[in-house]
Amino acid sequence: MRIHMMTPVLTTGDAIGNYMISLQRVFAQLGVSVRLYADYVDPAYRFQARPTAAYRPTGQDILWFHYSIWSDNFAVLERSTDFKVMDYHGVTPPHLMADDPRLAALCDRAIKALPEYSRVFDWCIYHADNGRWDLEQAGYTRFSKVRLPVDTAFFGLKEDEALASLLRQLEYILFVGRIVPQKDVLSIVRVFAEVQKRLPHACLFLVGGTDVLPAYVQRVREEIEHLGIAARVQMTGKISDRAALTTMYRHAKFLISLSEWENCCVPSGEAMFFGLPVINAGTVPMPENVGDAGVVIDKTDPQSAGRLIASVWNDSDTYARLRANALRRAPWFTDEALTEALRGVLCDWAAAFDGDAAATASNK
């Protein structure tokens, strides 16, 4: 048996791509071969992945399909005779992609197609409880839960020493993710402006790609200027270098995530690996992922949010407790947890298929 794992785009620094690499690595440890496919394969993965057109179903393998946006590779689902698994990452609501009508249309199509494919997929993987809610409403009935892992092999222990020497002199809040409306980066900079009034030394690093919706990026830049915090905010672009990203996480005071919508929020798991408390607005699935390792704010009231963050920042006992809670949760997102979850998936399949076989036999 081989697993053929498929996604629309496989590129560096992408949560789904990182997850696929982790799945491939962990399945290899379990003795299962995984081949990766995508409609677009980043040159960095040219030796690890194949184009979708290279996929050949055998009727004895598994097609593991990552569902997040409509793409050309949906065409293989109807003709594949392999056992089909949907790995559901949720679909960004189209209104959050309004700056790019093409992306908005692809999201809309994927949302509308979700109920149709309940007859096609044999099993579903979801990552947080809100994912299961979506699937149940769309008519799916067979599920396994697998938390998205933190690729600890990517982070490692090595820092960028030059960057570390700079960051040790700063106290900063870190955001990691694309600069897009879904992440509500505008609210992040507005809340930070209130934090900075109370903590003039504080900085904000926005780490993430700026190429998806440039019009939104420009609005964020204009808001930073309008709020008068340009000297304290650094928009770095995407950081793919493992030592640099490790360093950014290791020396931060908080991670902040105020997304309008999330399916899982991998950076929250990454933050806890480094013992970072997560500032969030309580949007699902943050209560499930972060729980008592977070500071929950009302992002619609930046002034009160800034006041709360500053109070936690200056309260060493509260901050130490949040750090301890983060480190306690971190094992949920490790390779070891992923391995156990995948063993659970295999057990789920065995139980379901044994039940199907028994039902078939009793009907004869």
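Predicted model: local features only at pLDDT ≥ 70, side-chain atom pairs only at ≥ 80, totals over all residues.
View 1. Six bridges join S4 to S5, residues 83-88, and the two strands run parallel. On strand S1, residues 2-10, the pairing with S4 is also parallel, with four bridges. There, His 4 stands opposite Leu 63 of S4.

**View 2. Strand S4 is largely enclosed by the rest of the structure, because six of its six residues are buried.** The strand covers residues 62-67. In a regular strand, side chains alternate between the two faces of the sheet. Ile 62, Trp 64 and His 66 point one way from S4. Leu 63, Phe 65 and Tyr 67 point the other way. Both sets are buried.

**View 3. Val 284 and Pro 285 are joined by a cis peptide bond.** Omega is about 5 degrees. Most peptide bonds are trans. Pro 285 lies in the loop between strand S12 (278-280) and helix H11 (286-289).

**View 4. Asp 184 has a positive phi of about 50 degrees, although it is not a glycine.** Most residues other than glycine have a negative phi. Asp 184 sits in the loop between strand S8 (171-176) and helix H7 (185-198). Its relative accessible area is 11%, so Asp 184 is buried; the cut-off is under 20%.

**View 5. Cys 265 is a residue other than glycine with a positive phi, near 70 degrees.** The loop that holds Cys 265 runs between strand S11 (254-257) and helix H10 (266-273). Cys 265 counts as buried, at 7% relative accessibility.

Technical notes. Residues numbered from 1 in each chain as written. Heavy atoms only, no water. Buried < 20%, exposed > 50% of the residue type's maximum accessible area, 1.4 Å probe, protein only. Pairing = 2+ DSSP bridges.
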